[in-house]
Amino acid sequence: MTDKALPTKEDIQARLLRGPYHQWLGIEVLSVATGEIELKAKWREEWVVNADKGYTHGGILAALVDLTADWALVSSTGRGVPTIDLRVDYHRAAMPGDLTAKGKVIKFGSQVSVAEAQVFDKDGKLVASGRGVYSTPAAG
């Protein structure tokens, strides 16, 4: 990790919401710590992939794993960074309701970093988890 000051929750919220997709996901930053972040996504009817069962599309869960792991790196990068590789595991169907995602840095490197995230449903049950590899060279 670097010696930079940790960005505030409000600063990260503003940076995240520059992206229209993050706006559409209804992302709210709940907490930030060195190498960690917790986000909430406000549930939308458009997330439903199966109208009969009502569960959330896996692409939404994968997006939450990716952006949460990515933004866990913000205490070192000061910004979102490009994804190199991403693995997502699905543990159970995510039924209608807001989702909470927790991310943490596994290894911060001068060129490449690794972070992971877990996504929980409204009842606190794990619905998806994953790990990403991110490009983290110093901004130039």
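**Reading the model**

Modeller: Arginine 15 has a relative accessible area of 22%, so this residue is partly exposed. Keep in mind that the model is a predicted one.

Biologist: Where is arginine 15 placed, and which residues does arginine 15 touch, leaving out those up to four places away in sequence?

Modeller: Arginine 15 belongs to helix 1, residues 9-16. Beyond the residues up to four places away in sequence, arginine 15 touches Pro7, Trp71, Val74, Gly78 and Arg79. Sequence separation and spatial separation are read side by side: arginine 15 and glycine 80 are 65 residues apart in sequence, and their C-alpha atoms are 8.6 Å apart in space.

Biologist: How many helices and strands does the protein chain have, and in what order do the elements run from the N terminus?

Modeller: There are four helices and six strands in the protein chain. Starting at the N terminus, the order is α-α-β-β-α-α-β-β-β-β. The radius of gyration of the protein chain is 15 Å, close to the 14 Å given by the globule rule for 140 residues, so the chain is as compact as a globular protein of that length.

Biologist: What box do the C-alpha atoms fill, and what percentage of the residues count as buried?

Modeller: Along the principal axes, the C-alpha atoms of the protein chain fill a box of roughly 50 × 25 × 25 Å. Of the 140 residues, 40% count as buried. The protein chain exposes about 7300 Å², and 50% of that comes from carbon and sulfur atoms.

Biologist: How far apart are the mean positions of the positive and negative charges?

Modeller: The protein chain has 17 positive and 17 negative charges, and their mean positions are 2 Å apart.

Biologist: Now a helix. How does the reach of helix 3 relate to the expected value?

Modeller: Helix 3 covers residues 58-72, which is 15 residues. From first C-alpha to last, helix 3 reaches 21 Å, close to the 21 Å expected at 1.5 Å a residue.

Biologist: Why is helix 3 described as largely enclosed by the rest of the structure?

Modeller: Because 12 of its 15 residues are buried, helix 3 is largely enclosed by the rest of the structure. The general idea is that an α-helix has 3.6 residues a turn, so residues three or four places apart point the same way. The buried residues of helix 3 include Leu61, Ala62, Leu64, Val65, Thr68, Asp70 and Trp71.

Biologist: Is isoleucine 27 buried or exposed, and where does isoleucine 27 lie?

Modeller: Isoleucine 27 is buried, with a relative accessible area of 3%. Isoleucine 27 lies in strand 1, residues 27-33. Residues up to four places away in sequence aside, isoleucine 27 touches several residues, among them Leu16, Leu39, Leu64 and Leu67.

Biologist: And a loop residue: where does threonine 56 lie, and is threonine 56 buried or exposed?

Modeller: Threonine 56 sits in the loop between strand 2 (36-41) and helix 3. At 5% relative accessibility, threonine 56 counts as buried. Setting aside residues up to four places away in sequence, threonine 56 touches Trp43, Trp47, Val49, Ala94 and Met95.

How values were computed:
Residues are numbered from 1 along each chain as its sequence is written. This is a predicted model: local features need pLDDT of at least 70, side-chain atom pairs count only at pLDDT 80 or more; totals for chains, interfaces and linings use all residues. Side-chain values use heavy atoms; hydrogens and water are left out. Helices (H or I, at least four residues) and strands (E, at least two) are DSSP runs, numbered from the N terminus. The expected span of a helix is 1.5 Å times one less than its number of residues. Buried means under 20% relative accessible area, exposed over 50%, partly exposed in between (1.4 Å probe, protein chains only). The radius of gyration is taken over C-alpha atoms; the globule rule is 2.2 Å times the number of residues to the power 0.38. Accessible areas come from the Shrake-Rupley method with a 1.4 Å probe; for residues, only the protein chains shown count as cover. Lys and Arg count as positive and Asp and Glu as negative; His and the chain ends are not counted. The place of a charge is taken as NZ of Lys, CZ of Arg, CG of Asp or CD of Glu. Contact means heavy atoms within 4.5 Å.
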